[in-house]
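Reader: Please take one part of this model and go through it closely. I would like the cut-offs stated along with the values.

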Number of protein chains: 2
Amino acid sequence: MHGMSEKSAAQGGLRERKKRATRAALAEAAVRLAAEHGAEKVTVEAISAAAGVSVRTFFNYFDTRDDAFVVIDAEAGARMRQAVLDAPAALSPLQALREAMAAELAEAEQQHELWRLHARVLHASPHLLVRTLGAHMADETELAEVVAARIRAGGATASAPPPAFATDEERRGALDLYPRLLAAVAGTAVRISVEHWCARQEEAAFLDVFQEVFALLAAGLPAPPA
Amino acid sequence: MHGMSEKSAAQGGLRERKKRATRAALAEAAVRLAAEHGAEKVTVEAISAAAGVSVRTFFNYFDTRDDAFVVIDAEAGARMRQAVLDAPAALSPLQALREAMAAELAEAEQQHELWRLHARVLHASPHLLVRTLGAHMADETELAEVVAARIRAGGATASAPPPAFATDEERRGALDLYPRLLAAVAGTAVRISVEHWCARQEEAAFLDVFQEVFALLAAGLPAPPA
DNA sequence: TGCAAAGATGCACACTCTGCAAAATTACCT
DNA sequence: AGGTAATTTTGCAGAGTGTGCATCTTTGCA
């Protein structure tokens, strides 16, 4: 045993640290260039040059050019899953997810500049927003599993009148379905919150919009007054 | 004014009909080839050849190769919007959307072969599912506008206790937010329904899954029993 | 029939992305 | 240290995607 004592900060060997640095450099370069010249006009060559690596290396890190505009923070998903697991047992799944996402979003918003740049790039070219959605979708399955684990562990079971099932099989199907649906809807909620917040030129605090969206979901999307 | 009286069946001149035919031929060729050889191994050249047009023409119809696997029915969105507008005023927005989507899905399922082929292709390569999502997202904005129009017209206003707003501005923001959220969540609901139905090898009727998902949404995503 | 508009096509060209093998870098051992 | 194995970076060749432009064919219409 040598000096592998610190595991709080930049853990891992030189190799992993360099890889993370390169990946981050590529992603940041991509976003900055896209914010300046428009995403469509940014070539892989330009991104690679800005990050100080070869074009070939770019494709060692990202399967697609667009992926560089999309991932930004690769560990966000894992952090969120942990937060869901760590949430107080009294919270319903929807509430737990809301808290976990709010914390993650609040943290992301602290890196102000890059975050807003990223939001602007996505807003400027919707097809990238779709890719972002797709990236989140990859996490969606894992997030659903965490939610399922939480439910099995028995956190805030059936706060509302528990839906009655006709057959056991039907209930089993629902238990499989519910976590997936919850994870997917939560992701959609984030997206709509960002879009609405962007559309209104940030006249309201982002977290307020986010909370309102979750309130609507928890209320079952009731019809608003005309 | 001449003979532009028929508007029910294959309307439009020879030009438009040919364009629709070419587009449909390309889309169908793409799906069939993808179902047989795997989507990644199908080149634009092969699709174009199967549809009897040049490669260049393919790109006159689709911006991207992947788009050919995604659109299938270009008018589905418009039909659904019309259905939302035509729904009985007694239905809540969520219910109206559920009915419209159920009708559209039931119709799509009647073309059995191509529909299932399409579902299989999308299930085989998730990144195409993302593109499909994206295509639906393009409709999402228009769908949201239709929902907003329905609400303004005053269909089933505030069935649940109407959420109280602190300020007028807050209510205005919510009115703008609600239709977007509803459209997006409904799209997500369809996706999850299809995924869950596919994952279970079609052991349940698709429309039953779909109905269950909407029931969960209407109930505010309550925690299921552990 | 003839003219104008719109679509289809071929061609050149830039860009994306993938193997493959060689060179450079890091990890780990004595 | 020094050396070897593992991993990463890089260049290169090549297939495939996507675009602008000029040309040719088809359709719409008088």
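Author: What follows describes the protein surface beside DNA strand D. This is a predicted model, in which local features need pLDDT of at least 70 and side-chain atom pairs count only at pLDDT 80 or more, while totals for chains, interfaces and linings use all residues. Residues are numbered from 1 along each chain as its sequence is written, chains are lettered from A and ligands numbered from 1 in the order in which they are written, and side-chain values use heavy atoms, with hydrogens and water left out.

DNA strand D is surrounded by 19 residues, where a residue is near a strand if one of its heavy atoms lies within 4 Å of it. The closest are A:T57, A:Y61, B:K18, B:R56 and B:R65. By class, the surface near DNA strand D has eight charged residues, six polar and five nonpolar (Asp, Glu, Lys and Arg count as charged; Ala, Val, Leu, Ile, Met, Phe, Trp, Tyr, Cys and Pro as nonpolar; the others, Gly among them, as polar).

Both chains contribute helices: α1 (14–37) and α3 (55–61) of chain A, and α1 (14–37) and α3 (55–61) of chain B, each supply at least two residues of this surface. Helices here are DSSP runs (H or I, at least four residues), numbered from the N terminus. With four residues, α3(A) gives the most.

Phosphate oxygens of DNA strand D take part in polar contacts (pairs of N or O atoms within 3.5 Å). For A:T57, a polar side-chain atom lies 2.4 Å from a phosphate oxygen. For B:R65, a backbone N or O atom is 2.5 Å from one, and for A:S54 the distance from a polar backbone atom is 3.0 Å.

How values were computed:
Polar contact = N/O pair within 3.5 Å; in protein donor to acceptor, adjacent residues only side chain to side chain.
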